[in-house]
Every structure is written in structure tokens, then in C-alpha cells.
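Please open the model in your viewer and keep the selection tool at hand.

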Amino acid sequence: CLAPDLVAIQPGLTTTDNTRPGGSEPAPMKIAILTIGDELLNGDLADTNTAAIARRLFTESLPVQEAATTGDREADIAAALQRLAASHDAVVVTGGLGPTEDDRTAKAAAVACKRPLVLNDRALQQIRERFRSMQRRMHPANEKQAMLPGRSTVIANRNGTAPGFHLRHHEAELFFLPGVPREMLAMLDEYVVPLLLERFPDPPLLCQQTITVLGLPEPEVEARIISASLPAGVELAFNVELPAVRVKLRTRGKDARKLLDRAEVIVRRALGEHIVCLGDETLVEATVRHLKSAGFSLSLAESCTGGLIAKLLTDQAGASSFLERSVVTYANSAKIDCLHVPADIIEQHGAVSAACAVAMARGVKTASRTDIGLAVTGIAGPDGGTDDKPVGTVFMAINGPYGERVERFLFPGNRDQVRMRTACIALDWLRRQAMQRIASVAQEE
């Protein structure tokens, strides 16, 4: 029989209930995203805005149907706007609203919508007020940011100098936002999302649950889920965030919640202990959460990962409540001097060995007087491998309240991939130690 938590939708579930009375389902609004900038096309800058906008709209049951990127040429921008406006109900545009000559979005929008480019007094006032609030002198070039297509509605930018604007063309709502993510997301929340929901108040219900899996390749994850037979109407999608596989279950319609609940139970049965977290939570976030709840203190001895495990942990707020220290003992001399690994262990077994990993975990735990000591030593490559210990060989050891454990791994991939796989397995070991402690405390109570 299933534990109680298997039959309830978990935290992190994305769901919005906007079905119409009587259960009728409206057609989905057709939304497109257009990102602008030569730097997005030549690889100088990654396009993070498309993903951020799509995620935000999805939470409101407003999925995106198309995303496009164009360079800074005025003709290309205008052509993209005309095409997307003719086939979508709304287009969210980011980029090209700055004060320099290569910021041509406003002029291209005027051309695409056959409107004059005019000085918008409200936009100019916002720009001036922004510079006054920063106690900075406004450069004359910034006045260009107030040149907008005629009859545009200005979208306030509380975090930057570039106003956004909104206009309608071919019955499509066109929203123009800056490319700076912080500015764009605030304007999306304050203006774009409310207006879309006002125009389209009853989008079909959408539900999504993300399940993160570690220790199984993507084909095996898919095979297990398919053989378990998901309910009809549940969509299945995957993406790999090395070394984890993120499984996404999606449903829509008036019975979406019930379908998703059933599907999640089936998937959790099929994947079992390989599931490390749910929803938007990441492996490292789950590990930190459990370590804090368990009340453990932790010390790390890292060789091949060079401090990556500690870096991932300390990226999260609150890591100081459990992480006492991390020692990067890269050279053999460091293992001997800092961790008191016996020299004969290294001479007989090598620095990359089970015996050395165990000694490293014991040494860092003893020196720091923590509840847990975890150590990793290996060959990340591209050089240094042998027939007995090829590149990708990693030994991991943990010493804690539940005893001592050491394991050998052979990770595929390049140097960065081997290091990341090692760090993620280490996080999972720590997460499981913490969960064991939490479960035992719950039983005692």
C-alpha cells in the first residue's frame, strides 16, 4: 500500500484552475516570444529570457506556441513581428530598447505596424525620473528610448531606464520589454500577465509536475514509465540536466488534477529510490533542506572535484548551519599532511583507491569533529588514466552516524562531466543520510 504522501499532489506542482462554468474548455491562446539581438545569434549571450517568459506564462495556463530569435537588423525585426502578429494572439518581445544605434526594436515595430515613430512624453518623463532617482545625469542619447510607435501604451520600468510599450496589430497584443532579465521579468509580472488574463480570462486548466531522477539513463527512465502505463491524457516529456533526468508530466482539462495525481503515483512506483526531488526543487536544494532538517554537521575532503561539492552547497542560503569545512587535498602531500592519510596507503593502493577515500573521510571527520565526513578522489581526465583505473574512475567514501561506506564509480564524459557526476552522487549520498536521520527521529516520536 502507498504511503500517504504518494496520493497527494506535491509542493512544486504547477496548476491553474480557470475552467469555465459548465466545464467547457476554451481554445488555448496562441502566444509567441521574440528575442532580439545579434549577440543571441552569434553565441556571445545565452537566451535565458525565452525560458523565463515561457515558465511564467505556463504557470497561468498560458503556454507558448512559438519562440523565435532575430538579429538587430530593422528589416528582420519588422518581418518577424509581422509574421508572428498575423498568426498569434499575443507576442512578447524582448531586447533592442536601449539608447545606442543598434537598438532598433521600436523603429522596427513602427515599420511593422505602419505607425509613425514619435517622441512619447510619458516615456520621456519616466526616463528622466529614473535618472533623478539614481542621482545621475541623463545622457542625451537616452532620449532615443522615448521614441516609440504612435498610439503605444507605455509599460513602466521600475528597474531600468528603458520603458517598454504595448500596442495591437492584426488583433494581436504586442508587448515590447527590455532584454535585461530582471527588468523584463518585473514588467512581465506587473503588466503583461495581468493584461493577458484580462483579455483571456478562462484558459484551459494546465497542470504539470516535474520529477527529478538520478542514477538511471534517460531511455531507462522512459522505458520504466511507459511500461507502467500512464493514464490517457497525460503528456510525458524529458530533459537532461547532467547527470539528472527531469521527467515532466502534463495534463489539461477539467480533470487535470486527478489525472496528474494518478500519473505521479505511477511514476513514483516505477522509479522508486531514483527520484531525488519534485517540482522546481533541485538536487542540491533538496540536499541542503534535508541536511538542515537532520541537524547534521558536515566536513568534506575533495580531490578530483576541486571544491565543487562545497561550491554547490554554499551556493544555497543556510549552508553554514551544517557545513563546517571543505578541504581540497589535491596533491598526495596534502592528503598526508591535512588529512593524515597514511603514506603507505598511497604507496600500496594509490591516491585513487578505496583505501585512500576511506582514510580521507575519516581524516576530515576527525579533524573537524563533525557528524559526517565525505571524501572523493578520482581521475577526471583527460589524462592520468591507466588500464586498471581509466579516466572517470572515482572513489567516494562517507563516514557518519550510520557507519562507513565506500564505492568505486566509472563515470563517462569529459572532465567537467566527470566532476559534476561525482558531485551530484555525493549530494545524493548526503541527502540519503539526512533522510535516514529524519525518518529515525520521526519513528522515535
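**The five-stranded sheet**

Begin with the open sheet of five strands, whose order is β15-β14-β16-β17-β18 and whose pairing is mixed. This is a predicted model. Select β15 (323-328) and β18 (403-410) next; these are the edge strands, and each of them pairs on one side only. On average, neighbouring strands of the sheet are turned by 10 degrees against each other, direction ignored.

Now move to β16 and β17, which run antiparallel and are joined by six bridges. Within this pair, select Gly373 and look across to β17, where Asn399 stands opposite.

**The largest nonpolar core**

In soluble globular proteins, nonpolar side chains tend to be buried together. Here, the largest nonpolar core comprises 39 residues. Select Leu298, Leu300, Ile309, Leu313, Phe322, Leu374 and Leu430, the residues with the most contacts inside this core. Two or more residues each are given to the core by β13 (275-278), α9 (283-294), β14 (298-302), α10 (308-314), β16 (372-378), β17 (393-400) and α14 (415-444). Colour α14 separately: the largest share of the core, nine residues, comes from this helix.

Which residues does Leu313 touch, not counting those up to four places away in sequence? Centre the view on Leu313 and display Val284, Thr287, Val288, Leu298, Leu300, Ala319, Phe322, Leu427 and Leu430, which are its contacts beyond that range.

**A separate core**

Finally, select Ile77, Leu124, Phe165 and Leu167. These residues are among the 31 of another core, which lies apart from the largest one.

Conventions:
Residues numbered from 1 in each chain as written. Predicted model: local features only at pLDDT ≥ 70, side-chain atom pairs only at ≥ 80, totals over all residues. Heavy atoms only, no water. Core = buried A, V, L, I, M, F, W, Y, C linked by side-chain atoms within 4.5 Å. Buried < 20%, exposed > 50% of the residue type's maximum accessible area, 1.4 Å probe, protein only. Helix = DSSP H or I, 4+ residues; strand = E, 2+ residues; numbered from the N terminus. Contact = heavy atoms within 4.5 Å. Pairing = 2+ DSSP bridges. Axes fitted to C-alpha atoms, helices over the stretch in contact; angles between N-to-C directions.
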